[in-house]
Amino acid sequence: MKNDRRGAIVLHELTGREVGLLYMLFPHLRGLVLDQVEDLGDRLRIAARTDSEPVACRGCGTPSARVHDRYRRRLQDLACGGRPVQVEVEVRRFICGDPACLVATFAEQVPGLTATQQRRTAGLRGLLERVALALAGRAGSRLAGALGAIVSRFTLIRLVRALPDPEIGRVTVLGVDDWAKRRGHSYASVLVDMAGHRIIDVLPDREAATLAEWLRAHPGVEVICRDRAGAYALGGREGAPDAQQVADRWHMWDDLREYADKTVAAHHRCIKEHYVALAQVAEEQVPDPGQVAEQMTIDHAENRARVVKARERYRQVQALKAEGKSHAAIQRELRLAPMTVRKYSRAESVDEVVAGTLTGWPSMLDDYKPHLHERWNSGCANIQQLHREITALGFRGSYGTVYAYLAPFKGSAAPPAVPAPPKARHITSWIRRRPDNLGPDEQLKLKEVLAACPHLDALHGHIKTFAEMMTERQGHRLDAWIDAVRADDLPHLHSFANGLERDHAAVLNGLTLPYSSGVVEGKVCKIKFLKRLMFGRANYDLLRKMALLN
């Protein structure tokens, strides 16, 4: 081994052991003859050449040993010791010996090292592809620089786009769901092989024709797991008429929650009247110094601008509806959003619309009123002292809030504290949860709510039955459940039952078969992560590649 005048290490005098060590460090160069390694300070340069074996023509495959000329290729390679490595390999151009071949001359390629029109080795390209798939553009460029490969974010994105799609293969159980390319504007569909838990394709929209065309191009699907969207149901029937469609149980449960919310909101007045009656009974026990404050609160809620406006809108929408005008006509005349017109048109009474607004926001004092009443009735009328006490208990409001509440009680005893009626969303949550998951206080409140309103009691029974039917896969009880729902005066739940009947076969399969779209929902979350990874700026084709190859 010796150094030339440039400081390069000449290798032809190295011992076999030393050459073997170099091949150990650079195993992908084992098929080449190494001439020298040059230390350029910030990087390494390796000069190599190919051997003298014949090479097969890339056109006809005929081996040729006739060398036309030689030229040097400079390839960027994987870093060594944290420094970039450049491989300068001398390759040969051969003359094809078959006169009928269209390829007159061809250059040899080194397996595992070179490729046509590539300036990076196969190892470096593979590393950059994995970095790009993991971190996309900007972050991937920073990581590649730390690994000794200087590359721009645009190059990494081009590498991802150039990768081939993975092979789909035979799919028997297919999961399909939509995801937002641009939330509220454009959507796409993700297709998942439920057996392998992998994304097999991403469609540019969520139309029935697109899904049907994909299914016709990929026969063999036996089960389609989907949500309650009508487009996927139609596309599945057209593209794979023999496949079983399975409605996802989570989506059914979520739809039931929506209708339960509407039912609870419609009957929330019953709960408030019950708590008002409790307050009246409590007020009759002692003089009523708080009646003025309570009445002021009620008057303020009734005269709130949002309540007055909601009542007026309800009157206008109902009047136009009585004239026979469509939702679109009402929307144009009153200049309201479509969902607003639908809400006011379908409401059975104005109280259903303003129920949530009248309830108002909970007071910060609600949790501390029992303490204030107890201390006030025990003889402590110093409001500053009471404010300090509840502040020590966790109250974060001002002294003025406490003073405004206790001022009407001066000169008399405070009435027994009556808790505020529970919010509609809390009632819905209690009804939908397992009894074992409710705390003792929540169980008591739920029991009181169900006793106060028979409609909510019936709703609780139907939801409990549906939950049992869904978790225990008792699809044979579906028709009986629908009949039981229709026997009660629960119009919102009737709408839910009508939707189940329109998609009866898929719903029955969803309540019977073990398939579920949980895997698909997980893949949708994965696509959302990829969108955030690329700052939400990736085009559909790039996002599709990232989803398929990650």
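Q: How many aromatic pairs does a search of the whole structure find?
A: This is a predicted model, in which local features need pLDDT of at least 70 and side-chain atom pairs count only at pLDDT 80 or more, while totals for chains, interfaces and linings use all residues. Residues are numbered from 1 along each chain as its sequence is written, and side-chain values use heavy atoms, leaving out hydrogens and water. Rings of Phe, Tyr and Trp (its six-membered ring) pair if their centres lie within 6.5 Å, and planes under 30 degrees apart are stacked, over 60 edge-to-face and the rest tilted. On that basis, the number of aromatic pairs found across the whole structure is seven.

Q: How many residues apart in sequence are the parts tied together by Tyr259 and Phe496?
A: Tyr259 and Phe496 form a tilted pair, with 5.8 Å from centre to centre and 50 degrees between the planes. Tyr259 belongs to helix 7 (residues 249–266) and Phe496 to helix 21 (residues 491–502), so the sequence separation of the parts that this pair ties together is 237 residues. Helices here are DSSP runs (H or I, at least four residues) numbered from the N terminus.

Q: Is Phe496 buried or exposed?
A: Buried means under 20% relative accessible area, exposed over 50% and partly exposed in between (1.4 Å probe, protein chains only). Tyr259, at 21% relative accessibility, therefore counts as partly exposed. Phe496 has a relative accessibility of 2%, so the class that applies to Phe496 is buried.

Q: Which helix holds Phe466, the residue whose ring pairs with Phe496?
A: The ring centres of Phe466 and Phe496 are 5.8 Å apart and their planes stand at 75 degrees, so this pair is edge-to-face. Phe466 is itself buried, with a relative accessible area of 0%. The pair ties together parts that are 30 residues apart in sequence, because Phe496 lies in helix 21 and Phe466 in helix 19 (residues 454–471).

Q: Which residues do ring pairs link into a cluster?
A: Phe496 takes part in the tilted pair with Tyr259 and also in the edge-to-face pair with Phe466. With one Trp included, the residues that ring pairs link into a cluster are Tyr259, Phe466, Trp481 and Phe496.

Q: Which residues in helix 24 meet helix 23?
A: Contact means heavy atoms within 4.5 Å. From helix 23 (residues 518–533), the residues taking part are Ile527, Leu530 and Lys531. Their partners in helix 24 are Leu543, Met546 and Ala547.

Q: Which residues in helix 16 meet helix 15?
A: Helix 15 spans residues 383–392, and helix 16 spans residues 399–406. Helix 15 contributes Ile383, Gln384, Leu386, His387 and Ile390, and the residues in helix 16 that they meet are Tyr399, Val402, Tyr403 and Leu406.

Notes: Axes are lines fitted to C-alpha atoms, for helices over the stretch in contact, and angles run from 0 to 180 degrees between N-to-C directions. Helices (H or I, at least four residues) and strands (E, at least two) are DSSP runs, numbered from the N terminus.
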